[in-house]
Amino acid sequence: MYQETIVETTINCAEACKNGCILGDKCPHREYVSSASSFIENTSLDQMLDIAEEAVRKKRTAPPQWVIPDFPDSQS
């Protein structure tokens, strides 16, 4: 009998799928397609722009978040 071997590939979807999903039905994010499609179909462009504008406003008015790196103990 023929047995299909499944090889899991880890890809960066943000870079690899800019022009569309390259994994098709094997995409690990397929569960979000229906909700994203529904949002696009049921939300006007004006509403999307308002949502984006609000997100930018919140980001600009938020206090800065400082990231202090962990430095390894220096040995002399």
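Biologist: In which helix of the chain is confidence lowest, and in which is it highest?

Modeller: In this predicted model, confidence is lowest in helix α1 (residues 13-16), at a mean of 85, and highest in α3, at 96. The score is pLDDT, the predictor's confidence in each residue, from 0 to 100. Helices are DSSP runs (H or I, at least four residues; strands, E, at least two), numbered from the N terminus. Over residues 1-7 the pLDDT is below 50, and this stretch has 1 contact (heavy atoms within 4.5 Å) beyond near neighbours in sequence. The chain average is 82, with 83% of the residues scoring at least 70.

Biologist: Why is the pair Glu54 and Arg57 called a salt bridge?

Modeller: A salt bridge requires a side-chain nitrogen of Lys or Arg within 4 Å of a carboxyl oxygen of Asp or Glu. The closest N and O atoms of Glu54 and Arg57 are 2.6 Å apart, so the pair qualifies. Glu54 and Arg57 are 3 residues apart in helix α3 (residues 45-61), and therefore separated by about one helical turn.

Biologist: What makes Arg30 and Asp25 a salt bridge?

Modeller: Their closest N and O atoms are 3.9 Å apart, which is within 4 Å, so this pair also meets the definition. The search of the whole structure finds 2 salt bridges.

Biologist: How do you know whether Asp25 and Arg30 are buried, partly exposed or exposed?

Modeller: Buried means under 20% relative accessible area, exposed over 50%, and partly exposed in between (1.4 Å probe, protein chains only). Asp25 has 72% and is therefore exposed; Arg30, at 40%, is partly exposed.

Biologist: Why is Thr43 called buried?

Modeller: Thr43, in the loop between α2 and α3, has 14% relative accessibility, so it falls under the 20% limit.

Biologist: What makes the approach of Thr43 to Phe39 a polar contact?

Modeller: A polar contact is a pair of N or O atoms within 3.5 Å; within protein, one must be able to donate a hydrogen and the other to accept it, and residues adjacent in sequence count only if both atoms are side-chain atoms. The backbone oxygen of Phe39 lies 2.7 Å from a polar side-chain atom of Thr43, so the distance is within the limit.

Note on methods. Residues are numbered from 1 along each chain as its sequence is written. This is a predicted model: local features need pLDDT of at least 70, side-chain atom pairs count only at pLDDT 80 or more; totals for chains, interfaces and linings use all residues. Side-chain values use heavy atoms; hydrogens and water are left out.
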